[in-house]
Amino acid sequence: MNHLALRSSFLLLAAAALLPFARAEEKVPLKLQLPKPMFVGTPVPVKLPNLETPRASGRRPDFMVPKGVVNLALNKTVTSSDMEPVLGDLAQITDGEKAGDEGNYVEFGKGKQWVQVDLGAASPIYAIVVWHYHSQARVYKAVVAQLSDDPDFIKDVVTVYNNDDRNVNGLGEGKDPTYIETNEGRIIDAKGTKARYVRLYSNGNTTSDMNHYIEVEVWGLPAQ
Amino acid sequence: MGTSRAITVPAWRTPALALLVALGAFLLRLPGLQSRPFHTDEAVNAFILDEVFESGYHYRTHDHHGPTLYQIAAAVLGPLGIRHPAQMEPWMLRGFTAVFGALLAASVFWALLDAPLSARVAAAVALGIGAPFVYYSGIFIHELLLMLLLLLFFGSFLRLTKACWTQGRSFWKHAVLSGVLAGLMLATKETAAPILFLAIFSVLAARWIRRSPTATSKPASAPAFGPSPAGAGDTPAALLALAAAAGILLFTAFAVVLLVFTGFGRHPDQAFGLFYAIGPQLSRGTGSEHAYPAWTYLAWLCRPTGAGIPWSGWLLPVLAFAGLWAERRHPLGLALTLWALLLFLFFSALPYKTPWLMLAWLLPLSVLAGLGWSALWQTRRAWSLVVAATALVLLGRETWERCQVHAVDPENSLAYSPSSPDLARLEKDVDALAARQNGGRNEVVVQVIAQDYWPLPWTLRKYPRTGYWTEPPAHLAPGIVLSGPEFVGHLSGGSAKFEPYSIRPGVFVFLRKDPPAT
């Protein structure tokens, strides 16, 4: 054992003595092994005739609203066409948390689904901002936003956004563009329409037939 | 068309015509080989070829196919010193499929041996100018190679059944050749299994149904696809010959599959890859990915599309019906009809659909349409000549529009998830950014951060220091950054400028326009 310890000490000393020489050696650039592309299968075609070309990045142009607007939807009651979502709780849609992490979204069933926010009182609404899902580049189909004072959306319904170009939701054909989801969310101009209820429709997305919501904000002036 | 099919043309005329058809078909496939945007599947195939050069073939049972295409490409490109995608140009890879497409048209002359020469010419022209065959001849995927092997197999199997039916002693040669071709097909693409099964069934069923109850000719004089002599195929000797041929065919096919998958013994671990693929491929075929309704193939073939694209696909079934009528006394017409119909029903019943899978049943349909076109022409009546000439003009025009003018138009049903011409702009802009970096193209680090980035590896193949992430890396290196829309907000930090480029319809990638210098 003593011999072994002695030999180890000599080796360490020799290595230490050689260290300055090693440092003086010529340096070469570190060649990193970058991750190779992962092989994929044939991509599924995305057929969206009215898809909006994404904006070059940088700050999104300001969306002008009257001074004093607040998020009227924060922590307000949410109802939906599917009161038992596949994932998550309805309350998450207005809890103010917009991160795209796993578990931070609410998943609804296939096909046409809607969520509805009760603002508590009719208020002038200037912007609706919706985040469906943004940890993957996908497009939600047949997005429609409506406002009304009628909780059943039968009378006095105002449609402020509709990109359902084939009228799959049965709410009328829409001309607004489809768009790729990002962490910016989508600002929908509500033009100061006064309403108590906000209803948002979708009908699947380009990845699956399911519907998702991370957050909905409704910016307006509080009811007097 | 009568039952007499004596060949009276000089021997040199058939190979000369085959050569002429092959040359014409090849020339028709040349335009756009270099300039058309590279499809994602082509890009993936180019990088699998790179892997074949680096470490041999590794079979991925779910998404990808057998090694034949890569081994043929490697055998030609390797000796020329072209071993990495950076050294490749689109025409170098698409040239292979263009050659397969030209050979497919020419091989009709061999496959339909004993058919009248005019019928073979017409069938060869139908395959030579048919829009789907021209289109997929210009894409570096497995389909055209599979179709070439399939038509050769069909010709070989016709000879095999003739030899067995007539108790010829040379049946084993045809059995071996059929086995080799079947093995190569199975080593090319997994769909070969049902295609082979249904093609074999069609030939045997047609031979049995069309056996002539009154034929008195000696068995040895029966043409390859003429009426089978009475009782032929029913004798114990013929049944024994068929059983022996089936054994030889299966054994040879199995041996070829093993040889090709193992790279002729160099990679024994890949030997049974095809068998492991059965489960994944079945679940893929019946799964929800690329799932379309049963009528989709019919719509892709016959339904007119928008955007001013002509579609004369409906002509094929019409001409094929004329071909069936002309060949109604012979097993060939019935075999081709059964083959086309059964494969059409099989692929329509599968939820998984892509337009190139149509080729398996468009092949017999086009041959039959060629026979119908020839029959029309042979009548020498004014109306039939007009119909035949009009059909040729319509099919030719459609091919030009679909394969050249609207080659990457999403409205074109042959263009499935086509890559965007915008990739050329992206390539130019990346080149301009790289030129401003130290070391230029060879040294600049390119970081692609997106969940859907193909075919960018092909677009960026000349940048050796390119990495791909599906989530943003912890540290972003200086250099060129390309981001998917899902990460561009995170990466831009509100200040960096990113510009969007379309890589496929509905799929975008963003290039950072102000990269810090390296």
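**Exercise 1. Locate the two partners of the salt bridge between A:Arg60 and A:Glu184, and state how exposed each one is.**

The rule applied here calls a pair a salt bridge when a side-chain nitrogen of Lys or Arg lies within 4 Å of a carboxyl oxygen of Asp or Glu. In this predicted model, local features need pLDDT of at least 70 and side-chain atom pairs count only at pLDDT 80 or more, while totals for chains, interfaces and linings use all residues. Residues are numbered from 1 along each chain as its sequence is written, chains are lettered from A and ligands numbered from 1 in the order in which they are written, and side-chain values use heavy atoms, with hydrogens and water left out.

Step 1: the closest N and O atoms of A:Arg60 and A:Glu184 are 4.0 Å apart. Step 2: A:Arg60 sits in the loop between helix H1 (2-24) and strand E1 (70-71) of chain A, and A:Glu184 in the loop between strand E6 (158-162) and strand E7 (186-203) of chain A, so the pair ties together parts that are 124 residues apart in sequence. Helices (H or I, at least four residues) and strands (E, at least two) are DSSP runs, numbered from the N terminus. Step 3: with buried meaning under 20% relative accessible area, exposed over 50% and partly exposed in between (1.4 Å probe, protein chains only), A:Arg60 is partly exposed at 27%, and A:Glu184 is partly exposed at 27%.

**Exercise 2. Carry out the analysis for A:Arg196 and A:Asp118.**

Step 1: this salt bridge has its closest N and O atoms 2.8 Å apart. Step 2: A:Arg196 belongs to strand E7 of chain A and A:Asp118 to strand E4 (residues 112-131) of chain A, which places the two partners 78 residues apart. Step 3: A:Arg196 is partly exposed at 28% relative accessibility, and A:Asp118 is partly exposed at 21%.

**Exercise 3. Describe how domain 1 and domain 2 of chain B meet.**

Step 1: the domain assignment, whose bounds come from an automatic or database source, gives domain 1 (13-405) and domain 2 (422-512). Step 2: 14 residues of domain 1 of chain B are in contact (heavy atoms within 4.5 Å) with seven residues of domain 2 of chain B. Step 3: the rule finds two salt bridges across this interface. B:Glu89 pairs with B:Lys462 at 2.8 Å, N to O, and B:Glu89 also pairs with B:Arg461 at 3.5 Å. Step 4: B:Arg461 lies in the loop between helix H20 (456-459) and E2 of chain B, and B:Glu89 in the loop between helix H3 (68-77) and H4 of chain B, 372 residues apart; B:Arg461 is buried, with a relative accessible area of 8%.

**Exercise 4. Characterise the contact between chain B and chain A.**

Step 1: 47 residues of chain B are in contact with 32 residues of chain A. Step 2: the two chains bury about 3100 Å² between them, 62% of it on carbon and sulfur atoms, where buried area is the accessible area (1.4 Å probe) that two parts lose on being put together, summed over both. Step 3: one salt bridge is counted between the chains, and B:Glu54 forms a salt bridge with A:Lys36, with the closest N and O atoms 3.4 Å apart.
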